[in-house]
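Dear colleague,

Please find below the structure that I am handing over to you. My notes on what was found in it follow directly after.

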Amino acid sequence: MRSSRFAKSGLGIPYALFLLLFVVAPLFVLLYYAFTNGQGQFTVQNLAAFFTSPNTIGTLAYSFALAVVTTCVCVLLAYPVAYILARSNMRHKSVILVAFVMPMWINFTLRITALKEILTVLEGNLALHPFLNSVIGMTYDFLPFMILPMYTTLMKLDTSLIEAAGDLGANPVQTFLKVTLPLSVPGIISGITMVFLPSMTNYVVLDMLYNSTYIMGSLIGSYFASYDWHNGSMIALILLLIILIFTLFTNKYSDEDEGRGGALI
């Protein structure tokens, strides 16, 4: 019995070591550099510099706006696709789903390079519409991550609830707004989380489309490239807190909707 208990508890040792070495330890290093200066002395100057610098605040605002627009576009494009694929009786809808997910199997650099060539042919100079091109690139990159959770949630919907709404006199529009849409909110929230958070830091798309560094990921990289680990660590820490708050908020909202799903009907 003792050996069996030890064997079961011992299975978690590799995972605990992984968390300690690659999550906890780097986080402590980040905290150390964020609250110290070049002489290793404790300071909050790095925190004050973040909120007083027009460069960091402007970059944060731009990154947030880019992430919000990208997420909204992905939701508007992904939901109809996921809904049609989930609710239709097409024989080969799985093949269509694979076609939407297939870009994820192609090298990221190759995909963005191909998109850059297409946009160059259409626009001529990519610097004329930097924000629009960034949204297009982000949407092209993250759209599959929005489609999959929506499709999975819609596939699991109880069709008897939809039939009951029809029996009670609801038309298709009312059934969608009162039954289907509320019950699919967990999938929407999951997709938003998977798209919004990376969109705030994915500087590769901006760099490849028009050589821009005006996003949080690029700003952090520029500080570390110039060996200013203290300000770079503070920005990374603040961004980590923003992501943590957003994740807690979306998870709470998703849990509330799952619990009230039946009440909405």
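Predicted model: local features only at pLDDT ≥ 70, side-chain atom pairs only at ≥ 80, totals over all residues.

Pro 172 has its place in helix α9; helices here are DSSP runs (H or I) of at least four residues, numbered from the N terminus. With a relative accessibility of 68%, Pro 172 counts as exposed, where exposed means over 50% relative accessible area, buried under 20%, and partly exposed in between (1.4 Å probe, protein chains only). Ten residues separate Pro 172 from Ile 162 in sequence, and their C-alpha atoms are 9.2 Å apart in space.

Residues are numbered from 1 along each chain as its sequence is written, and side-chain values use heavy atoms, with hydrogens and water left out.

Helix α9 (residues 172-183) also meets helix α10 (residues 185-199): their axes come within 4 Å and cross at roughly 45°. The axes are lines fitted to C-alpha atoms, for helices over the stretch in contact, and the angles run from 0 to 180 degrees between N-to-C directions. On the α9 side the contact (heavy atoms within 4.5 Å) is made by Leu 181, Pro 182 and Leu 183, and on the α10 side by Val 185, Pro 186 and Ile 188. These residues divide into six nonpolar, no polar and no charged. In this scheme Ala, Val, Leu, Ile, Met, Phe, Trp, Tyr, Cys and Pro count as nonpolar, Asp, Glu, Lys and Arg as charged, and the others, Gly among them, as polar.

I turn next to the aromatic residues. The structure holds 13 aromatic pairs; rings of Phe, Tyr and Trp (its six-membered ring) pair if their centres lie within 6.5 Å, and planes under 30 degrees apart count as stacked, over 60 as edge-to-face and the rest as tilted. One of these pairs is Tyr 33 with Trp 229, which is edge-to-face because the ring centres are 5.3 Å apart and the planes lie at 65°. Tyr 33 belongs to helix α2 (residues 13-34) and Trp 229 to helix α13 (residues 229-259), so the pair ties together parts that are 196 residues apart in sequence. Tyr 33 is partly exposed at 24% relative accessibility, and Trp 229 is partly exposed at 37%. A stacked pair is formed by Tyr 79 and Tyr 83, at 6.4 Å centre to centre and with 15° between the planes. Because they are four residues apart in helix α4 (residues 54-87), about one helical turn separates Tyr 79 and Tyr 83. Tyr 79 is buried at 9% relative accessibility, whereas Tyr 83 is partly exposed at 30%.

Ala 86 lies in helix α4 and is buried, with a relative accessible area of 7%. Not counting residues up to four places away in sequence, Ala 86 touches Lys 93, Tyr 151, Leu 154 and Met 155.

Arg 111, in helix α6 (residues 108-123), is buried at a relative accessible area of 8%. A polar atom of the Arg 111 side chain lies 3.1 Å from the backbone oxygen of Ile 106. Leaving aside neighbours within four places in sequence, Arg 111 is in contact with Pro 103, Ile 106, Tyr 140 and Asp 141.

Thr 139 is found in helix α7 (residues 130-155) and counts as buried at 8% relative accessibility. With residues up to four places away in sequence not counted, Thr 139 touches Thr 70, Val 73, Cys 74 and Leu 77.

Ile 215 is in the loop between α11 (203-210) and α12, and is buried, with a relative accessible area of 0%. Its contacts beyond four places in sequence include Thr 59, Ser 63, Leu 66 and Met 138.

Lastly, Tyr 227 is found in the loop between α12 (216-225) and α13. Most residues other than glycine have a negative phi. Tyr 227, although not a glycine, has a positive phi of about 65°, and Tyr 227 counts as exposed at 72% relative accessibility.

With kind regards

Note on methods. Helix = DSSP H or I, 4+ residues; strand = E, 2+ residues; numbered from the N terminus. Polar contact = N/O pair within 3.5 Å; in protein donor to acceptor, adjacent residues only side chain to side chain.
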